[in-house]
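Here is a short briefing on one protein model. Please look over the sequence and the structure before reading on.

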Amino acid sequence: MSGKYVQLQPETGFKTALNLNGDTDSPAVDLNRDDRPREACGIVGVFSPGHDVARSTYFALFALQHRGQESAGIATSTGDAIRLHARMGLISQVFKEEDLADLPGHLAIGHTRYSTMGGSKQHNAQPLITDGPRGRIAVGHNGNVINATELREELAEQWGVNFDRTSDTEVIAEMFARAPGRDWFEVAWYAMRRLKGAYSLVIMSKDELIAVRDPLGIRPLCLGKLNGGYVVASETAALDNIGATFIRELQNGEAVVINKDGIEARVWPAARRTHSMCVFEQIYFARPDSVLNGQLAYDSRRRMGAELYQENPVEADLVIGIPDSSIPHAIGYANASGIPFGEGIIRNRYVGRTFIEPDQRMRDVGVQMKFNVMRSIIAGKRIVVVDDSIVRSTTTVRVINMIRDAGAREIHVRVAAPAIISTCHFGVDMATMAELIAANKTVDEIRDHIGADSLAYLSVDGLKRAVQVEDDSYCKGCFTGRYPIAVQLEMDKLALEPAGV
Ligand code: SF4
């Protein structure tokens, strides 16, 4: 076993051992970083006796890299002990062939992280492992628990928990390790009564895999079949990537326990009937080839574009989308309007995280590293630019400038989502209220600010039609200011960090 690996025997202090991974906390520079909302995490769990579950988990995580790029980790179990490899970086940077070879077992969970609570630090890389009366467990979490600070104090005082990380996931892990309950379902119901907010979870003991979706169902989680065993993952695209067969999405408030005896699923009796899944998963976060709430995200996005045209038509020569995420919406707008769709902007798909700092001049032209406008396609035309969201507007301003410089005659910006007027509290890092442009300016003021000839957003009703719901399902809090549960208006993602860290 090399020094990078950690065999987690019961008597081993895993918290010390985790640091043996040798990574510093040095943050990479993300050249893709702009004013896009940031998703929290991707999670995977695999139970498949007789198969290389670490490899399956790795390739499933690979399909979820868009959900988080700060750290990645896999924990596996042979039935005797849990092993962990977790460190800062992209999945391809974190795992080499020999790392997977050192993760044997028939049971695995995996995680790729973007921090929404707790800093981007090695000690917050997941899966997290902790010990309790029911043995050692590993936990991977997607979401954001909004009462983590209070629960942390309570668990420290009443259960004597010694917290030494700074994420809400540590609170979840300690709760599942120590909560009263005769089986995993009773433990999950206890946690559902106490935890407030968003949490899709994969949890493993040395011989069982547990998947949990919070009672609101804010973050996605799906179940599939693989090699005679089972897999759970944030998105169906991860199942596709490893040849698993999609079974179904977990319901809000559902827990699934998988072990050598098979699979058992139950829904918390107190869970609401309607889910409050984040509608931004449909708009932007999830891969277009993932199925959410029974609908292919790609189809939902084309319908958003079509609704956007019905509500906000304009005469133009060409429809383009800001690549890659806005392309399905732009195709929907073009199809509904009869205006040709074209690719006027090319995105460098290989721009990503680097440990080389750009200088200030390069920062100033940062968006050019990512986008390039094709002048011959744009010049002299009236262009509809479809974007899937505007947060602060910094990217939009730069892209509009580039299109104008390329000779566009008119630029009409159409946003395939409603204006973002409030912050997210459920696992999406957007901006503060002061930074959200639509919380502080009118549509006309934003149009002038970004330099467009016209600007229009999809309405909330148009969005509901596009995702084909008439009821009050889906969280739409950042568009309406009304959330599925009470929230405090501004949350600090570093609330659990010690001062000065
Ligand atoms: S507030 Fe917005 S981003 Fe956050 S969960 Fe709700 S819909 Fe999603």
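Predicted model: local features only at pLDDT ≥ 70, side-chain atom pairs only at ≥ 80, totals over all residues.

Residues are numbered from 1 along each chain as its sequence is written. The protein has 19 helices and 24 strands. Helices (H or I, at least four residues) and strands (E, at least two) are DSSP runs, numbered from the N terminus.

**Overall fold**

- Of the 501 residues in the protein, 53% are buried. A residue is buried if 20 or more other C-beta atoms lie within 10 Å of its own, exposed if 12 or fewer, and partly exposed in between; C-beta atoms are placed from the backbone.
- Take the contacts between residues at least 6 apart in sequence: 73% of them join residues at least 24 apart. Two residues are in contact if their C-beta atoms, placed from the backbone, lie within 7 Å.

**Ligand shell**

- The residues around the ligand are Ile218, Cys278, Val279, Phe280, Cys424, Phe426, Val428, Cys475, Lys476, Gly477 and Cys478. A residue is near a molecule or strand if its C-beta atom, placed from the backbone, lies within 6 Å of it.
- Helix H9 (279-285) and helix H19 (477-480) are the elements that give two or more residues to this shell.
- By class, the shell has nine nonpolar, one polar and one charged residues. Ala, Val, Leu, Ile, Met, Phe, Trp, Tyr, Cys and Pro count as nonpolar, Asp, Glu, Lys and Arg as charged, and the others, Gly among them, as polar.

**Helices H5 and H6**

- Helix H5 (residues 148-158) packs on helix H6 (residues 168-178) at an angle of about 45°, with the axes 9 Å apart. Axes are lines fitted to C-alpha atoms, for helices over the stretch in contact, and angles run from 0 to 180 degrees between N-to-C directions.
- That angle makes H5 oblique to H6. Angles under 35 degrees count as roughly parallel, over 145 as roughly antiparallel, 65 to 115 as roughly perpendicular and the rest as oblique.
- H5 and H6 cross in a left-handed sense. A crossing is left-handed if the near helix is turned anticlockwise from the far one by less than a right angle, and right-handed if clockwise.
- H5 contributes Ala148, Leu151, Arg152 and Leu155 to the contact, and H6 contributes Asp168, Val171, Glu174 and Met175. These residues divide into five nonpolar, no polar and three charged.
- Asp168 counts as buried because it has 30 C-beta neighbours inside 10 Å. Its C-alpha atom is 8.7 Å from that of Asn147, 21 residues away along the chain.

**Helices H10 and H11**

- The axes of helix H10 (residues 297-311) and helix H11 (residues 327-337) come within 6 Å and cross at roughly 45°. The two helices are therefore oblique to each other.
- The crossing of H10 and H11 is right-handed.
- The residues of this contact divide into 10 nonpolar, six polar and three charged.

**Backbone details**

- The peptide bond from Gln126 to Pro127 is cis, with omega near 5°. Pro127 sits in the loop between strand E6 (107-113) and strand E7 (128-132).
- The bond from Pro323 to Asp324 is also a cis peptide, with omega near -10°.
- Asn227 is not a glycine, yet has a positive phi of about 50°. With 18 C-beta neighbours inside 10 Å, Asn227 counts as partly exposed.
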